Amino acid sequence: MAGKEKMLITGGNPLQGVVHVSGGKNTSVAVIPATLLCDEPCTIENLPDIQDVYALVDILRVLGAKVDYVPGEFMKVDPRPAEGWQVDYRNAQRLRASYYLIGVLLGRMGRAEVAFPGGCKIGTRPIDQHLKGFNALGAQTEERGGVIFAEADRLVGRDVFFDMVTVGGTINVMLAACKAEGTTVLHNAAKEPHIVDLANFLNSMGAKVKGAGTDVIRIKGTPYLHGSTYAVIPDQIETGTLMIAAAATRGDVVISGCIPTHMEALSAKLLEMGVRVNDSDDAIRVRMMGAHRAVNVKTQVYPGFPTDLQQPMSALLTTAHGRSMIEETLFEFRFKHVDELVRMGAQIRVVERTAIIEGVPSLYGAPVTTTDLRAGAALLVAGLMAQGETEIYEPEYIDRGYEHIEDKLRALGAQIRRESID
Ligand code: EPU
C-alpha cells in the first residue's frame, strides 16, 4: 500500500441493496499453507483479495513453491520445488496464521523454523496447545529468540487432548497429522466452519480426515496427496459484519452467497433485538425499522456467538434501547475499540471482561483509530450509523480481513472514501 491513509465516512445513510460475500479469510489462511502438504499442483478458488492472502503468497514463494495468483480468480500452487523450512520474523509477523506453516512444514519436511506469529493484539495468544499436539505426534519443539523450532524424524499418529477449544491448535495439528504414520485423534477439537472447510480441502487431495465439525476429529495419515481444485467457503465474519451494518443503518440489505446456517447465533441475537432477518438457501435479508432493543451477548466457540463479531455488535448496541452487556470470554484485550466508540458519543464501561453499554439516541462522527481488524469493523459500523463525518485512522487493519469493503458499502449507498495522509 502506498503511504498512510485514512477512511472517511459520512454516516446516516440506510444501506440498501444486494451485496455478495467474499471467500473466508480464516479458511483461506489455512487452505493456502495446506497446499504445501500436496505432492502435485493445486488450484484454490474464491480466495478473498486481502492482505493476509498476499502475505501467504510471499511466504510460499520464499519456501520455494511456485505460486500463480490472479486475485478474484484463482491461486495455483505447485509445491513440488519447495525445499525451504524457515519463515522469518518479517513474514511471520504479517499474519497470525503464519503459525500453520509449523504444522505444514513438519508434515512436509520433518522440520520447521517459524518466527512467532503476528496478527491482531487481542490477547496473549499462546500456542502451547499447538506445540503439545506436535509433541504428541513425536516432534521436538522449542521456542528460542522468538522462533519456534520443530523437528521430527517421523510423525506418528496419537491421541491429542486439547486443554481448551482452540481453532488454531486444531487446524495446526490436523495439518501435521495428515502426514503422520497411523491415526491421530483430536479430542476437544474446535468446530468452526473453516475447520470443516479445511478438512474438505484436505480430503479432496486424498487425505483421510473424519469428524471435522464435531469435537473429535480422526486423521489417518497418507504418504501421498494428489492435486485438487477447491473453492473455499464464504466468509462467516464478513457476512455477520454486513448483517450488523444493515441493521445499524436501519437499512434493508440482502447478503448473497453466504451460508445462513453459519450465522445462527448472530441471527438469533438480531431477532431478539427486533431486527428482521430472513434466510434463504444462500442469502440473508436483514431489515430494520424503528428502534432496536438492548441484548446481552457472551462470546463462545462455534456454534456460540463468535468473538470476531463481538466488536461490530457492540457498535450496533450503542444506540439500542436500554442496557446491553457483552462478555468476551476468549480474548482478554478485545475491547480496545470501546474508547473510540466513546469518542463518538457511546456510553460504555468495561469491567474486567464485560462491556456495559447504555444505549444513546445516536453517535456522532469523530476521528478514531483502528487497533485491530475487528475493532476496525466496529468503527466502520459506528461511522455508518453516526451523524456527521467519521475519520478512521489505520484502516489497513481492515484490509487484512475485508475484501474491497468500501466498494461493497458504497454500492449499498454508504458515503465512504479514502484519502492519503501527508
Ligand atoms: N489458546 C491457548 N493456547 C493455545 C491456543 C489458544 O491458551 O495453544 C487460547 C487463546 O489465548 C484464546 C483461546 O484459546 O484465549 C482461543 O484461541 P484460538 O486458538 O481458538 O484462536 P486463534 O486460532 O488464535 C482464530 C482466528 C481468530 C478468531 C479465533 C476464535 C485465525 C487465523 N484466527 O484465532 O480470528 O478470533 O480463532 O474464533 O483463524 C479474526 O479473524 O479477527 C481473528 C482474530
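Modeller: Happy to; we will take the domains, their contact and then some backbone features. This is a predicted model, where local features need pLDDT of at least 70, side-chain atom pairs count only at pLDDT 80 or more, and totals for chains, interfaces and linings use all residues. Residues are numbered from 1 along each chain as its sequence is written, and side-chain values use heavy atoms, with hydrogens and water left out.

Biologist: Which domains does the protein chain have?

Modeller: Domain bounds come from an automatic or database domain assignment. Here, domain 1 covers 5–21 + 234–420 and domain 2 covers 25–231.

Biologist: How is the size of an interface given?

Modeller: Often as the accessible area lost when the parts come together. Buried area is what two parts lose on being put together (1.4 Å probe, summed over both). Domain 1 and domain 2 bury about 1800 Å², 55% of it on carbon and sulfur atoms. On the domain 1 side, Tyr302, Arg400 and Glu403 lose the most area, together 34% of what that side buries.

Biologist: How many salt bridges are counted between domain 1 and domain 2?

Modeller: A salt bridge puts a side-chain nitrogen of Lys or Arg within 4 Å of a carboxyl oxygen of Asp or Glu. The count between the two domains is one. Asp52 forms a salt bridge with Arg400, their closest N and O atoms being 3.3 Å apart.

Biologist: What is the peptide bond from Tyr302 to Pro303 like, cis or trans?

Modeller: That bond is cis, with omega near 10°.

Biologist: And what is the phi of Glu352?

Modeller: Glu352 has a positive phi of about 50°, although it is not a glycine.
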